[in-house]
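Subject: Structure handover and findings

Hello,

Here is the structure I promised to pass on. Please open it beside this email, and read the notes below with it in view.

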Amino acid sequence: MGVLAEELKPAGGAALDQVLIASGVALVLTVVLLALGYGHRTGRLRVLDTLAALGAKGIGRGLPGWASLPSVVAMFSLITALLGMYWDISLHITHGRDEGPLANIAHYPILIGLFGIFAAGVLALTMPVGEKPGPGPVRITRTWYVPAGGTLVAGAGFYALLGFPLDDVWHRIFGQDVTLWGPTHLMLIGGAGLSLVGMLVLEREGRAAAGDTSPSPALSYLRRAMTCGGLLIGLSVFQAEFDFGVPQFRLVNQPFLIALAAGCALVAARLWVGRGGAVLAAVFYMLVRGGVSLVVGPVIGELNAAVPMYLAEAVLVELVALALIRRPLAFGVVSGFVVGTAGFAAEYAWTQVAFRLPWTPDILVEGVLMALAGGLSGAVLGVLLAEGLAGRLPRPAVSRGLFAASLVLIGAAVANCLVFTVPKDLQVSAALSPDGNATFTLSRPLDDPAWIQVTAWQGGGLHVDRLERTGPATYRTTEPMPLDGTWKTLVRIHDGRVLAAIPVYLPEDPAIGAKALPAEPRFTRDVQGEQPILQRELKQDVPGWMWAAASLVVLLCTLILVLALGWGVSRISGALGSRAAVRSGA
């Protein structure tokens, strides 16, 4: 039965019938969306006005319809996509690849959520009729102006949706990459997460159009805090492999990603929302992100994911603000430094109790340096975002220089995380007992590895066992390993830049022509790179230049989106600054 199940799961692209069905549904939904927009603009349909009136009575109170309705749609869509994403990752970790995109129930909330984000942006573009929405509208035709935030949300949503067909093409060319950090996977999660920047811009445009007054200042405060909390959620989804305990990258990547998200979202929240904004954004993050983890875990019954804390970083940012809030850039730099040091210490302690793979002393030096890079670059971006929303960006040469420097630092840190080695002189000898326990002996001792552990996955669950050291180069399991069925079981070694592994048991996989590797009672095997074991479905005969070229295309699309977000923030800042200058008579 295990072999038959594997045969039914394609290792490349999806079946053509499923591709056609998904494309047909997307086409129908797009036609419906366009029909609603056309009917609204011609005055033949009042549905959007009715829905906007309902939104204006809730969280969108005080905003014009073209800002309130899209904000509500986008927020619910993001939560739906987030639930689907963690559900989907859980299914892939525990069961491996699926029979096709429509055979995986978790894909439906992802698709609905991503389309909802795109739809929110389209609504913001189509709803303004006979007016110039906000202080910095974008001209489409002679009489049609749209809010800049709407173009950003629609663009981010389209970028995310584009990841689905490109992901299928990717699988057909390179095989399936069972990892969160596959290039097209990053499009899916990156587009959704970064759409929050567009939502912040759209909310600001809506308040400016309403005269910067609100019938409920408390509600306006809460709305901004929730959006910043949403940004924290969006920036945190890149850490999901670490949350589940199956990271395929060096451990120093985790403190970098946590500090980057905290620096950007929490600094922006404190500057933009006001006193207590960072803490409230972190609380909103914990409620939503923790709630999703509970729904996927105990409620649905799938694998549970750990949740980074962020509350300590939020309190640290609030404390820094007491002294430096009137000097935004200095506040950002100091906050980034504190997030990268004291925040690192707080998250280090939290991982000891909340994560399957807690941080270890092996990463202390490089981990702090990476956290500083993430905290500082994220905090500077957070300052630029908040100051742009307030109409106070520094002169273009300064703001563009800071923006570019932050992106370069992020790029350098990511590149550092991707550099790893596989030792050529290291072997592992194993002695397995009938009950699934084992003793592993390395051919040479390692000083202080980040981890030596057994990972078994895709057999109906996840098994992660940090091995107990019993000698200079000897380790033993603390619980039995699964060694049958569709489980893929391996020993993983992470020591500094070393990312290596040996397979212990692998099932037969006819779909990729892979033979079974039995768990012999005694064996000695050379360590190898993790990717051929963890991502067994990847094709090994594809020329390297094709992988590089395809990755560069995805990188180019990503840079276009990031630069577009920077343009949107700069545009709203310039428009707000010009309006303030006119009001003051300058």
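This is a predicted model: local features need pLDDT of at least 70, side-chain atom pairs count only at pLDDT 80 or more; totals for chains, interfaces and linings use all residues.

**α10 and α13**

Start with helix α10, residues 253–273, and helix α13, residues 328–354. Their axes come within 9 Å. They cross at roughly 140 degrees. An angle over 145 would count as roughly antiparallel. The pair is therefore classed as oblique. The crossing of α10 past α13 is right-handed.

On the α10 side, the contact is made by P255, I258, A259, A262, G263, V267, R270 and L271. On the α13 side, P328, F331, G332, S335, V339, F344 and E347 take part. By class, this contact has 10 nonpolar, three polar and two charged residues.

Now α10 by itself. Its 21 residues should span 30 Å at 1.5 Å a residue. The end C-alpha atoms of α10 are 29 Å apart, which agrees. After α10 comes G274, with a positive phi near 115 degrees.

**α7 and α8**

The second pair is helix α7, residues 183–209, with helix α8, residues 217–236. Here the axes come within 7 Å and cross at roughly 160 degrees. Angles over 145 degrees count as roughly antiparallel. So α7 and α8 are roughly antiparallel to each other. Their crossing is left-handed.

From α7, the residues in contact are G193, L194, L196, V197, M199, L200, E203 and R207. They meet S220, R223, R224, T227, C228, G230, L231, G234 and L235 of α8. This contact of α7 with α8 divides into eight nonpolar, five polar and four charged residues.

The length of α8 also checks out. At 1.5 Å a residue, its 20 residues should span 28 Å. The end C-alpha atoms of α8 are 29 Å apart, in agreement with that. Of the 20 residues of α8, 15 are buried, so α8 is largely enclosed by the rest of the structure.

Y310 is not a glycine, yet its phi is positive, about 75 degrees. Y310 sits in the loop between α11 (277–299) and α12 (311–324). Is Y310 buried or exposed? With 0% relative accessibility, Y310 counts as buried.

Q458 is the other one. Its phi is near 65 degrees, again a positive value in a residue other than glycine. Q458 lies in the loop between β5 (451–457) and β6 (462–466). Its relative accessible area is 2%, so Q458 is buried.

Last, I560. This residue is found in helix α17, residues 544–584. Its relative accessibility is 53%, so I560 counts as exposed. How far is I560 from V267, in sequence and in space? The two are 293 residues apart in sequence. In space, C-alpha to C-alpha, I560 and V267 are 24 Å apart. V267 belongs to α10 and is one of the residues in the contact with α13.

Best wishes

Conventions
Residues are numbered from 1 along each chain as its sequence is written. Side-chain values use heavy atoms; hydrogens and water are left out. Axes are lines fitted to C-alpha atoms, for helices over the stretch in contact, and angles run from 0 to 180 degrees between N-to-C directions. Helices (H or I, at least four residues) and strands (E, at least two) are DSSP runs, numbered from the N terminus. Angles under 35 degrees count as roughly parallel, over 145 as roughly antiparallel, 65 to 115 as roughly perpendicular and the rest as oblique. A crossing is left-handed if the near helix is turned anticlockwise from the far one by less than a right angle, and right-handed if clockwise. Contact means heavy atoms within 4.5 Å. Ala, Val, Leu, Ile, Met, Phe, Trp, Tyr, Cys and Pro count as nonpolar, Asp, Glu, Lys and Arg as charged, and the others, Gly among them, as polar. The expected span of a helix is 1.5 Å times one less than its number of residues. Buried means under 20% relative accessible area, exposed over 50%, partly exposed in between (1.4 Å probe, protein chains only).
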